[in-house]
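Here is a short walk through a structure for someone meeting it for the first time. Have a look around, then read on.

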Amino acid sequence: MTNANFGAYNIEDLRQKAKQRVPKGVFDYVDGGAEDGIALKNNRDAYKQLKIKNRVLVDVSKRSIETTIFGKKAAMPYGISPTGTAGLMSFGGEAGVAVAATKMRVPCTIALNAQTAMEEIWDVAGDGNLWFQVYMWPDNDLSMMQINRIKSVGFETLIITVDGPVGSNREYNKKNGFSMPLKYSPTLFAQLLARPGWLIRVLGQHYVKRGAPTMVNYPEELISRITDPMLKHMHTKTDNLTWDHVMRIRDNWPGNLLIKGLHSAEDALIAKEKGLDGVVLSNHGGRYVDCAPAPLQLLPETRTAVGNDFTVIIDSGARRGSDLVKAMALGADLVMSGRPTLWGAAVAGAEGSFRALEIFYDEMDRVMAQLGLNSVADIGPEIFWNPPDWVPQRQQITRAAAE
Ligand SMILES: Cc1cc2nc3c(=O)[nH]c(=O)nc-3n(C[C@H](O)[C@H](O)[C@H](O)COP(=O)(O)O)c2cc1C
């Protein structure tokens, strides 16, 4: 893998370049939020409204942004969220994203909905820090079959996504003709033909080498192509799932177990009491509840509720290295995002995903030096200037506190 920058100097550059390379319906599917895009915008605004101040004349020449998560070192407090669509950004994109994460030494979560088999991804990146994400089904046998497969491949950290009792409302997908199951409508055809390079590079290669894109990580009973009609039976109906279903998985998963997609300190506390190993505060990148708070805004009250001995990860909205610093200052153990490495994959496969990670790394390292911080442990809420009321207010500044 080369260290090319592809003319992208920040995550937004990767997004703009991805837009030029993938069909409109596919780009919008990745880019958009639910309904009016309120949560999507607020996820960014929450980060942007926090101002951080420097401390000068600190020797930062030996600084490090390395951290530890579930006993494993990571190059920075960043990980990749599960997304089922890396394979639509580049051929075999899920494996590419995982390889990029291994090269950078950060955790990468493989989505159940990936179109590359988990075993194949493990073969190329299993020496890194790969996590797996599942959705639950009411049928306990199917869920256990799934859990056993993930365990036998070697994954040690499992995330259960719980924010989708019903599907979300994304109207632009319907307008673009890009809803599941995929139907090759005239609108979609026109969009595909407008990106002939993508047709050959991604979809064409997929059909030639593997046939139609397929949910290959599902148990055999549920495997379907993305063009197949939805399986309308009890296995895929998820609006009756409860904590009991999570506990059945807890009883059968010896590794680290987290739930993802919660928006409340109350649910984080229940997760801790039920014996989970952590939570991922997430509004799914603004793709489900459109008026959800930004996970960043939920961090202080969640950390206060669960204490310091429980892992709290957030995703949704991080685009700059300074965002990672802000989230750590508010009590996160790790920050994740999904879209940046997808955009990178669209630009240049594994190398493009690596470029996204490199941007986060370089930016975080730079801002740490600028703030006068030497390690992740040094980051605290005192970096904020005049913070909004959802950030713990600082004590009066005294000479003693300044030391
Ligand atoms: C295109 C796309 C597909 C996604 N697929 C999944 C999925 O299969 N499972 C899941 O738990 N989350 C999924 N997510 C949500 C991400 O895991 C993550 O919560 C979200 O990307 C965070 O927002 P950000 O990338 O804007 O920071 C998906 C997100 C996107 C953008």
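Where is Phe 6 found? Phe 6 sits in the segment before helix H1 (11–21); helices here are DSSP runs of H or I with at least four residues, strands are runs of E with at least two, and both are numbered from the N terminus.

## Before we start

This is a predicted model, so keep the ground rules in mind: local features need pLDDT of at least 70, side-chain atom pairs count only at pLDDT 80 or more, and totals for chains, interfaces and linings use all residues. Residues are numbered from 1 along each chain as its sequence is written.

Phe 6 has 15 other C-beta atoms within 10 Å, so it is partly exposed. The scale works like this: 20 or more other C-beta atoms within 10 Å of a residue's own make it buried, 12 or fewer make it exposed, and anything in between is partly exposed, with C-beta atoms placed from the backbone.

Ser 316 is not a glycine either, and its phi is positive at about 95°. Ser 316 lies in the loop between strand E10 (311–315) and H14. Is Ser 316 buried or exposed? With 32 other C-beta atoms within 10 Å, Ser 316 is buried.

All 9 of the 9 residues of helix H14 (residues 321–329) are buried, so the rest of the structure largely encloses it. Among them are Asp 323 and Lys 326, along with Leu 324 and Ala 327. After H14 comes Gly 331, with a positive phi near 110°.

Which members of the largest nonpolar core touch the most other members? Of its 107 residues, the answer is Ala 98, Leu 324, Ala 327 and Ala 332. Such a core is a set of buried Ala, Val, Leu, Ile, Met, Phe, Trp, Tyr and Cys residues joined through C-beta atoms within 7 Å. Helix H15 (residues 339–371) supplies the largest share of this core, 16 residues. As for Leu 324, once neighbours within four places in sequence are set aside, its contacts include Met 76, Tyr 78, Val 335 and Phe 360; a contact means that two C-beta atoms, placed from the backbone, lie within 7 Å.

## A run of parallel strands

Now for the strands. Strand E6 (residues 130–134) pairs with E7 in the parallel sense over 3 bridges; DSSP has to find at least two bridges between strands for them to pair. Phe 132 stands opposite Leu 158 in E7. Next, E7 is joined to strand E8 (residues 256–262) by 5 bridges, and these two run parallel. Here Leu 158 stands opposite Leu 257, and Ile 159 opposite Leu 258. E8 in turn pairs in the parallel sense with strand E9 (residues 278–281) over 4 bridges, where Leu 262 has Leu 281 as its bridge partner.

Two right-handed β-α-β units show up along the way. One is made by E6, helix H7 (residues 140–153) and E7, and another by E8, helix H12 (residues 265–273) and E9. Right-handed means that, with the strands pointing away from you, the path from the first strand over the helix to the second runs clockwise.

Ile 159 has 27 other C-beta atoms within 10 Å, so it is buried. Leaving aside neighbours within four places in sequence, its contacts include Pro 82, Trp 131, Leu 258 and Val 280.

## Around the ligand

How many residues surround the ligand? There are 21, and the closest are Ser 81, Thr 161, Gly 285, Ser 337 and Gly 338. To be counted, a residue needs its C-beta atom, placed from the backbone, within 6 Å of the molecule.

This shell divides into 4 nonpolar, 14 polar and 3 charged residues. In that tally Ala, Val, Leu, Ile, Met, Phe, Trp, Tyr, Cys and Pro count as nonpolar, Asp, Glu, Lys and Arg as charged, and the others, Gly among them, as polar.
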